[in-house]
Amino acid sequence: MPLVLHFFAVSALGGSELGAAATIRHQGRFEHRALFMEPPGPAAELFAGAGQVVESLHGAGPLAAALRIGPRLAAIRPDLVHAYGLRPSLLVRLLPRRPA
């Protein structure tokens, strides 16, 4: 089953997080995981409560997150990374693409 990684900066319940949760509920043909730059919070609890695997970069600032995201993605090996917000989007755009 293809794996979609949802990558967020913070674990607050806002429009992006609620929209992602609704998308996950209606896309049963994919496996979904959530990764947060900040420590777990309400959004992480929402995803975990829906049975999704949730991880955190544990409050990594931009530099620490830049160093941690590559190894995490290599370990998770998602088929698609959906980045929400400026910081996650910039971080994943700077990474080399994985060959198909």
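How many bridges join strand β2 (residues 31-36) to β3? Four bridges do, and these two strands run parallel. The close-ups below show where this pair sits.

This is a predicted model, in which local features need pLDDT of at least 70 and side-chain atom pairs count only at pLDDT 80 or more, while totals for chains, interfaces and linings use all residues. Residues are numbered from 1 along each chain as its sequence is written, and side-chain values use heavy atoms, with hydrogens and water left out.

**View 1. Four strands form an open, parallel sheet.** The order is β3-β2-β1-β4. Strands are DSSP runs of E with at least two residues, helices are runs of H or I with at least four, and both are numbered from the N terminus. Two strands pair if DSSP finds at least two bridges between them. β3 (53-56) and β4 (80-84) stand at the edges; each has a single partner strand, so one side of each lacks a neighbour in the sheet. On average, neighbouring strands are turned by 20° against each other, direction ignored.

**View 2. A34 stands opposite V54 in β3.** Strands of a sheet pair through backbone hydrogen bonds, either parallel or antiparallel.

View 3. Axes are lines fitted to C-alpha atoms, for helices over the stretch in contact; angles run from 0 to 180 degrees between N-to-C directions.

**View 4. E55 forms a salt bridge with R33.** A salt bridge is a side-chain nitrogen of Lys or Arg within 4 Å of a carboxyl oxygen of Asp or Glu. The closest N and O atoms of E55 and R33 are 2.8 Å apart. E55 lies in β3 and R33 in β2, so the pair ties together parts 22 residues apart in sequence. E55 is buried at 18% relative accessibility. R33 is buried too, with a relative accessible area of 18%. Buried means under 20% relative accessible area, exposed over 50%, partly exposed in between (1.4 Å probe, protein chains only).

**View 5. E55 also meets R72 in a salt bridge.** The N to O distance is 2.7 Å. R72 lies in helix α3 and E55 in strand β3, so this pair links parts 17 residues apart in sequence. R72 is partly exposed, at 26%. Shared partners join R33, E55 and R72 into one network.
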